[in-house]
Amino acid sequence: MKNNIFFFIFLIPFCITLNADRDSDHEADSDRFGTKHDWCAPSKKYGHHAIIVDTTEGFSEAQYSLLQNQILNDASMTDIPPYDKITIINITGKDVQATETDPIFSKCRPRSGQEKSQYELDHPTFFGMPGSMMKQMMAFFNDGLANARAEFSGLQDSTGDFSQIMEQIKELSRIKEIDFSNDYEYRNLIIFSDLMQFSKNVNLISSCRDRKNCISWDDFKNNPSNRLKVKNMMPRFGDNPPKVFVYYLQCKHDKNLDIGLLEFWDGYFTDAGIEWDYDTETSCN
């Protein structure tokens, strides 16, 4: 595992904001329980971080630990700026289609009240927002995050009937309720998945899993029977697409990284105009 995976995911997109001050927002700061504005600043959209977790082929406790240790932990949240939004989506492949999938968590990170935080907004001030109130709001935020984490525990034998990874990315680019819009100053999309897409639009099971030799993206998209599907499947993120980081759970199907699955997805992301990178599991039994 790369030691700098978390740095890449969260800090690189903030290189322009780490040293920039954000103004405090009264509406966000007075949203004590996060029920009115989700602790977001209604008048300003800073950053949005969407996390898609693919549990369609089960989710081992080892994978759960990786997810928790790398991203979904309380300490990680203090590394992103206040008022940035975090949205977590679990794609299970059970009954619910990508168009119907609701986030299991979607809140902005409130001010933490930590005096040693790198962000000025987190620091309590005598005439401003008390540190005790900030810490209380951060505790409520972390409680919600803990409930979201619990959704991914104990799923070893929980498998779905389909795996709509591309469909979910497409819906993320256009569903207004999720609010992953181009209005944000920056967006990150983080995906935990084995990338084994299995849907009526794109089915990689027969080549990637069964024959261990994935079809290339070019061959797939240039097949006359697939051209309309590809056109309809591509996300539309606008002129400022999100940066994508994939945590590739390759141990089950692509242990040696030699079946061409990463190359297939590289073609997809390239055609979608999306900059992406990935990391892999390190312990494949």
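Student: Which residue of β7 stands opposite Leu189?
Tutor: Val244 in β7 faces Leu189. By the way, this is a predicted model, where local features need pLDDT of at least 70, side-chain atom pairs count only at pLDDT 80 or more, and totals for chains, interfaces and linings use all residues. Residues are numbered from 1 along each chain as its sequence is written, and side-chain values use heavy atoms, leaving out hydrogens and water.

Student: What makes β6 and β7 (residues 243–248) a pair?
Tutor: Pairing takes at least two bridges found by DSSP between the strands. Six bridges join β6 to β7, and the two run parallel, so the pair qualifies under that rule. On β1 (residues 47–54), seven bridges link to β6, again parallel.

Student: Why is β6 (residues 186–193) called largely enclosed?
Tutor: Because eight of its eight residues are buried, where buried means under 20% relative accessible area, exposed over 50%, and partly exposed in between (1.4 Å probe, protein chains only). Both faces are covered: Tyr186, Asn188, Ile190 and Phe192 are buried on one side, and Arg187, Leu189, Ile191 and Ser193 on the other.

Student: How do you know whether His48 is buried or exposed?
Tutor: His48, which lies in β1, has a relative accessible area of 0%, so it's buried.

Student: What makes the link between His48 and Thr87 a polar contact?
Tutor: The rule wants a pair of N or O atoms within 3.5 Å; within protein, one must be able to donate a hydrogen and the other to accept it, and residues adjacent in sequence count only if both atoms are side-chain atoms. The side chains of His48 and Thr87 are joined at 2.7 Å. The His48 side chain also reaches the backbone oxygen of Asp179 at 2.9 Å. Setting aside neighbours within four places in sequence, the contacts of His48 (heavy atoms within 4.5 Å) include Lys85, Ile178, Phe180 and Tyr184.

Student: What is meant by a nonpolar core?
Tutor: It's a set of buried Ala, Val, Leu, Ile, Met, Phe, Trp, Tyr and Cys residues joined through side-chain atoms within 4.5 Å. The largest has 39 residues, and Ile169, Leu261, Trp265 and Phe269 touch the most other members. Helix α10 (residues 261–271) gives the most to this core, with six residues. There is a second, separate core of 28 residues, which includes Trp39, Ile71, Phe141 and Tyr247.

Student: Why is α6 (residues 165–172) said to be largely enclosed?
Tutor: Eight of its eight residues are buried, so the rest of the structure largely encloses it. Among those buried residues are Glu167, Gln168, Lys170 and Glu171. The buried residues of α6 pack against β1, β3 (85–91), β6, α8 (217–222), α9 (227–233) and α10.

Student: How do you know that the chain's radius of gyration agrees with a compact globule?
Tutor: The rule is 2.2 Å times the number of residues to the power 0.38, with the radius taken over C-alpha atoms. For 285 residues a compact globule would come near 19 Å, and the chain has 20 Å, so they agree. Buried residues make up 53% of the chain.

Methods. Helix = DSSP H or I, 4+ residues; strand = E, 2+ residues; numbered from the N terminus.
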